Amino acid sequence: MTPGRPVPPPLAKPIPAEPATIQKPEESDTGTLAAAYGATSPDSGLQPLTVARRAPKEDDVEIAIEFCGLCHSDVHATRGEWRLPPYPLVPGHEIVGRVTRVGAGVKTFSPGDRVGVGCLVDSCRECESCLEGLEQYCERGNIGTYGAKDPRNGDAITQGGYSTSVVVDRRFVLRVPETLDAAAAAPLLCAGITTYSPLRYFEVEDGDSVGVVGLGGLGHMAVKIAKAMGADVTVFTTSESKFDAARELGADHVVLSKDPEAMEAANRSIDIIIDTVAAPHDLNPYFRTLRLDGALFQLGLPAEDMPPVSPGLLIRRRLAYAGSLIGGIEETQEMLDFCAEHGVTSDVEVVSADQLNEAYDRMVAGDVKYRFVLDTSTLQEPSERADA
């Protein structure tokens, strides 16, 4: 385990397609309309919409979406719980589908390829972070897959993957290995890379000890990926009912975090902790479980202030308390290839469009094991004019 590892290159470069196989958009093409589901106000719920998709430009890839994962951040965004977004808003940033058309300058994708789009569809491409392959930390602000102004396309508001198609610059399109189940691979584009990135940053390897706090959408991916890296995995949970589920996912140990004796027994046993809990909670008991030079990565984003951290705990063992945000495009491709190699996917429940609002309510209640995924074939036909 080595803290501060540079961002890795992709495991494999995409194989360029033969130019003869590429379908070019007509110069007169003005784009298409896509059927979608989205929100029109904070309390509207999700409803049928039609969105306009641009014709592929020189570096664009047009994708027919097959599946899109539901992320808890979609709930916050559509309900205006973080900020009021531009409505109408079509969420979804865990997109898997097939290429339908590409622009004249695209040599790395062809119609029929299985591809994915995650949380980003662009960045400035010029700042130090972008040049290092860390587009998620773009110093000028990255362009989210939905609800963001897209300066390269006339400041149009990006609309996400709860839709039948999307057009994205080739630089932000990922190859999804055919060996992965398409629906179960969709959450890898957010939950997968969010947990993979800090584990790779610390170069977790065979024999390291990884702790996972929380066993939801992020937590179950952290367990699977850490195990695939060869780690000994401990799940910390407040619920005894999750013990069996944690072991089924591959956890070697399960600790009831509200039991002081159990937490004391775990003292100095962990190298790195991935904390996925999005509610305020006391971190100090978890710091006590870390070994010298250990680290706790905060991935959950509570809406309220967390209890204070004791500096003494950090100082006495040279501990690090850090945060981490998804991953860059190259690292996300590496994650997808890693998951294909090790047979890692998300545990999912596939839902139809008319189940989306129920799925949101169930997400808030924690009633899902462990991610919902929308089957976009259940969307209605687009209307004759766009809502967004």
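Predicted model: local features only at pLDDT ≥ 70, side-chain atom pairs only at ≥ 80, totals over all residues.
**Helix 10**

- Because 10 of its 14 residues are buried, helix 10 is largely enclosed by the rest of the structure.
- The buried residues of helix 10 are I329, the run E331, T332, Q333, E334, M335, L336, D337 and F338, and also C339.
- Among the elements that cover these buried residues of helix 10 are strand 11 (174-175), helix 4 (191-201) and helix 5 (217-228).
- Just after helix 10 comes G343, which takes a positive phi of about 65°.

**T164**

- T164 sits in the loop that runs between strand 9 (156-157) and strand 10 (165-169).
- With a relative accessible area of 27%, T164 is partly exposed, since buried would require under 20% and exposed over 50%.
- Leaving aside residues up to four places away in sequence, T164 touches A34, A35, I63, A64, I65, T376 and L379.
- T164 and T332 lie 168 residues apart along the chain, and their C-alpha atoms are separated by 23 Å.

**Nonpolar cores**

- The largest nonpolar core has 95 residues, of which L70, Y162 and V210 touch the most other members.
- Apart from that core lies another, made up of 14 residues, including F236, M263, L283 and L296.

Technical notes. Residues numbered from 1 in each chain as written. Heavy atoms only, no water. Helix = DSSP H or I, 4+ residues; strand = E, 2+ residues; numbered from the N terminus. Buried < 20%, exposed > 50% of the residue type's maximum accessible area, 1.4 Å probe, protein only. Contact = heavy atoms within 4.5 Å. Core = buried A, V, L, I, M, F, W, Y, C linked by side-chain atoms within 4.5 Å.
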